[in-house]
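Thanks for coming. Please have a look at it first.

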Amino acid sequence: MNIAERLPELAQLETLIQTHAGHRPDEMRAEKLLDIHYQSQSFPIYECRLGNPAPDLPCLFLVGGVHGLERIGTQVLLSFLSSLCERQKWDISLQRSLQQMQIVTIPLLNPVGMAMQWRSNAQHVDLMRNAPVDSIEKTAWLVGGHRFSRKIPWYRGKANTPMEAEAQLLVNRVIAQSEHSRFMIALDCHSGFGVKDRIWFPYAKSKQTPVSHLGSIFQLRNMFFQAYPHQKYVFEPQTRHYTCHGDLWDYLYDQITAQGRTLLPLTLEMGSWLWVRKNPLQLWHPLGLFHPLKKHRVERTLRKHLVLLDFLINATEAYTNWFSHEPQGEHWQQAHSLWYRDNFQES
């Protein structure tokens, strides 16, 4: 197996690091966090940082490639990271923003899965079902996470065993960052659900239990829709569609909130069924359900999410203008009415 042929995203990431990484505060800083060994080869996992390295600044944490089949998430982040590195040389507005915050990116968390075109990692474990948290409510059979066999998708891993190396790495890095940053937003980029692009937030473990920061998530949603009224994202709890065991962001949210710190985790779920509807023949391709195979659709996807990513930079930097520690204020009540009453509305 040739890594360069199977995993062009890794080659692109390493080229980006070689081109732009340095040691000055105005340069990207990159670190290899871990090597995943598979079939006598090493697959590195990198973290890239932009912005002021001083502690206590707000942070935007971006993640891609959790599921190896969903290559487009990694490609979106690599395109965005490349754009930031180029803009940082001349964009005064971006330079000022990065003096006030940090952007941390793990663009490719599951390199073996992506190289092998698996949803799972090298141990055939679904990383997004691997955290030590169980759904409070009934989950969809198999899809919600199971422990029957690693030969079946959505395998959680054996009970009472440590998390997989990739999952534990993400947990460690997010928690470590939260110990320094006074405020964090995370965006995890996925694909493979529906014909609309969706922005999901926890919990994945319960349809009835809102997160304690529901009001601030609702305010973030309102700000985005008001500033960019012509976008077509659906912003909603993940459990509007399904519950699952072992969600990493459920686990991280509870861990960080219990320590009195703030994390607002979001998932970008790109609507890949739209690509299939426009090109049904791609169903014959192993990535057909999860990736836009036509070149122009890939390019369009890389462009269309730039507005969301730029918005999250601005919202993170200016969090004191909108984030509230009030547990159940007006925004919480409005959010609960929209998302958690019996008559759900499209959001």
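Start with E9 and R71, whose side chains meet in a salt bridge at 2.8 Å, N to O. By salt bridge I mean a side-chain nitrogen of Lys or Arg within 4 Å of a carboxyl oxygen of Asp or Glu. Helices here are DSSP runs of H or I with at least four residues, strands are runs of E with at least two, and both are numbered from the N terminus.

Before going on, the ground rules. This is a predicted model, where local features need pLDDT of at least 70 and side-chain atom pairs count only at pLDDT 80 or more, while totals for chains, interfaces and linings use all residues. Residues are numbered from 1 along each chain as its sequence is written, and side-chain values use heavy atoms, with hydrogens and water left out.

Are E9 and R71 buried or exposed? E9 is buried, because its relative accessible area is 4%. R71 is buried as well, at 6%. The cut-offs are under 20% relative accessible area for buried, over 50% for exposed, and partly exposed in between, with a 1.4 Å probe and protein chains only.

How many salt bridges does a search of the whole structure find? The count is 16. Another of them joins D126 and R119, at 2.6 Å, N to O, and both of those residues are buried. For contrast, take K89 and E86, which meet at 3.2 Å, N to O. K89 is exposed, with a relative accessible area of 56%, and E86 counts as partly exposed because it comes out at 35%. There is also a network of salt bridges linking E31, E47, R49 and R173.

Now the interior. In soluble globular proteins, nonpolar side chains tend to be buried together. In this model the largest nonpolar core has 98 residues, and F61 and W322 touch the most other members. A core here is a set of buried Ala, Val, Leu, Ile, Met, Phe, Trp, Tyr and Cys residues joined through side-chain atoms within 4.5 Å. Helix α3, residues 71-87, gives the largest share of this core, eight residues.

What does W322 contact, leaving aside its neighbours within four places in sequence? The list is F183, I185, S216, Q219, L220, M223, L264 and A315, where contact means heavy atoms within 4.5 Å.

L309 is another residue to look at, in helix α11, residues 306-317. L309 is buried, because its relative accessible area is 1%. Outside the four places on either side, L309 is in contact with L60, L62, V76, F80 and L187. L187 is 122 residues away from L309 in sequence, yet the C-alpha atoms of the two are 8.8 Å apart.

On to cysteines. A disulfide is a covalent bond between the sulfur atoms of two cysteines. Taking a disulfide as a pair of cysteine sulfur atoms within 2.5 Å, the count comes to zero. For C59, the nearest cysteine sulfur is that of C48, 13 Å away. C59 is buried, with a relative accessible area of 0%. C189 is in no disulfide either, and the nearest cysteine sulfur, again that of C48, is 14 Å away. C189 is buried at 1%.

A few words on the backbone. Most residues other than glycine have a negative phi, and most peptide bonds are trans. Here the peptide bond from P202 to Y203 is cis, with omega near 15 degrees. Y203 is in the loop between β6, residues 198-201, and α7, residues 214-227. Q117 has a positive phi, near 60 degrees, and lies in the loop between α5, residues 111-116, and α6, residues 165-178. W154 also has a positive phi, near 70 degrees, and its place is in the loop between α5 and α6. Q117 is partly exposed, with a relative accessible area of 31%, and W154 counts as partly exposed at 25%.

L283, in the loop between α9, residues 273-278, and α10, residues 295-304, is partly exposed, because its relative accessible area is 48%.
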